[in-house]
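Have the model open beside this text.

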Amino acid sequence: MTKVNVYVTLRESVVDPQGIAAKEALQTLGFNEVQNVRIGKLIELELDGSAAAIEGRVTEMCEKLLINQVIEDYRFEIGEVAGQ
Amino acid sequence: MKFAVLTFPGSSCDLDMFHAINDIVKADVECLWHTEVDLSLFDAVLIPTGAAYGDYLRPGALAKSSSVISQLQEFAASGKPVLGVGNGFQILVEAGLLPGAFLMNTSLKFRSGQAKLSVQNAETIFTSEYETGQEITLPFAHAYGNYYVDAETLAQLKDNKRIVFTYVDGNEDGSTDAIAGVLNEQGNVLGMMPLPERAVEAIIGGTDGLPLFQSILKNGSEQHVSQA
């Protein structure tokens, strides 16, 4: 079993209302050094199959379903093979 | 002319759409579960609002795994009318039938109420019973009503008069250029966040949605006559 973490972020050109609200809340709590907050998401995949094919398959999964490339960017990390 | 209302797990306003067409517009209509569909038997497809697949991942995203989507793409390519309202609009965007994407409302809140809209283009099969520049009021209810397109796409939409409805009096959810409804390039797929099927009877909040369905019916029927 291989674990893949897909990190999804909003594209730079897209305004992130959640990030703005979180930044303001952090500043209200006294964290005045916070200049910008962008909120994304982490998608954890556990996969069967050969390690060689994983990169291409995960890219396809991202582009077909997991990511909306109009508003989101992504990168992924292929993790340690678990349970061996 | 026969209408299909597509129902996905989590669609919640399919019966509102059915009622509008069956009882008010008085046209032939059927509600269809998304896996049990033969769209070749229909002349127009309506995708209702709700929260298909629980809005998981992104609103409308998981619906594109349904087998009906490839049929819908063929149906749209054949030039027949497809209307998606609310979550139905989000599904059409995720399925690649309309440009853009949806973000959370800038207020970060679910909002509902009556939206005042301007009809930007009355020369479409969906809006011929309105006048260009006419102001209408339709209900809305959404948390992801913030429609986004990039600058290049926006310019294309404007050049080809594909922005059909815009919000008047504020654009509180933050949509690019106050867009409330857009058309595909061919002009036969319309997505809109306001909900015309909830405005077809004076007793429940107005009739400004009625001309939209009457436009589809009229233009669809004329097409049939001309093909006969």
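Two residues are in contact if their C-beta atoms, placed from the backbone, lie within 7 Å. The model is predicted. Among contacts in chain B between residues at least 6 apart in sequence, 74% join residues at least 24 apart. In chain A, residues 24 or more positions apart account for 73% of the contacts with a separation of 6 or more.

Now take the overall form of each chain. Chain B has five helices and eleven strands. Its C-alpha trace spans about 45 × 40 × 40 Å along the principal axes. A compact globule of 228 residues would have a radius of gyration near 17 Å; chain B has 16 Å, which agrees. Of its 228 residues, 51% count as buried.

Chain A reads β-α-β-α-β along the sequence, with two helices and three strands. Its C-alpha trace spans about 50 × 30 × 15 Å. For 84 residues, a compact globule would have a radius of gyration near 12 Å, but chain A has 17 Å. Buried residues make up 8% of chain A.

Next, the inside of chain B. In soluble globular proteins, nonpolar side chains tend to be buried together. The largest nonpolar core has 75 residues. Val45(B), Leu46(B) and Leu92(B) have the most contacts inside this core. What does Leu92(B) touch, not counting residues up to four places away in sequence? Its partners are Ile47(B), Gly84(B), Leu97(B), Leu98(B), Val189(B) and Gly191(B).

Helix H2 of chain B runs over residues 68-77. Val68(B), Leu72(B), Phe75(B) and Ala76(B) are its buried residues. They cover an arc of only 95 degrees around the axis, so they sit on the same side of H2(B). An α-helix has 3.6 residues a turn, so residues three or four places apart point the same way. The face turned away from the buried side carries the exposed residues Ser70(B), Glu74(B) and Ala77(B).

What covers the buried residues of H2(B)? The cover includes strands S1 (2-7), S3 (44-47), S4 (82-85) and S11 (189-192) of chain B. Just after H2(B), Gly79(B) takes a positive phi of about 95 degrees.

Last, the meeting of the chains. The contact takes nine residues from chain A and eleven residues from chain B. On the chain A side, helix H1 (residues 17-28) gives the most, with three residues. That side divides into six nonpolar, three polar and no charged residues.

Technical notes. Residues are numbered from 1 along each chain as its sequence is written. Chains are lettered from A and ligands numbered from 1 in the order in which they are written. This is a predicted model: local features need pLDDT of at least 70, side-chain atom pairs count only at pLDDT 80 or more; totals for chains, interfaces and linings use all residues. Helices (H or I, at least four residues) and strands (E, at least two) are DSSP runs, numbered from the N terminus. Ala, Val, Leu, Ile, Met, Phe, Trp, Tyr, Cys and Pro count as nonpolar, Asp, Glu, Lys and Arg as charged, and the others, Gly among them, as polar. The radius of gyration is taken over C-alpha atoms; the globule rule is 2.2 Å times the number of residues to the power 0.38. A residue is buried if 20 or more other C-beta atoms lie within 10 Å of its own, exposed if 12 or fewer, and partly exposed in between; C-beta atoms are placed from the backbone. A nonpolar core is a set of buried Ala, Val, Leu, Ile, Met, Phe, Trp, Tyr and Cys residues joined through C-beta atoms within 7 Å. The arc is that of the directions from the helix axis to the C-beta atoms.
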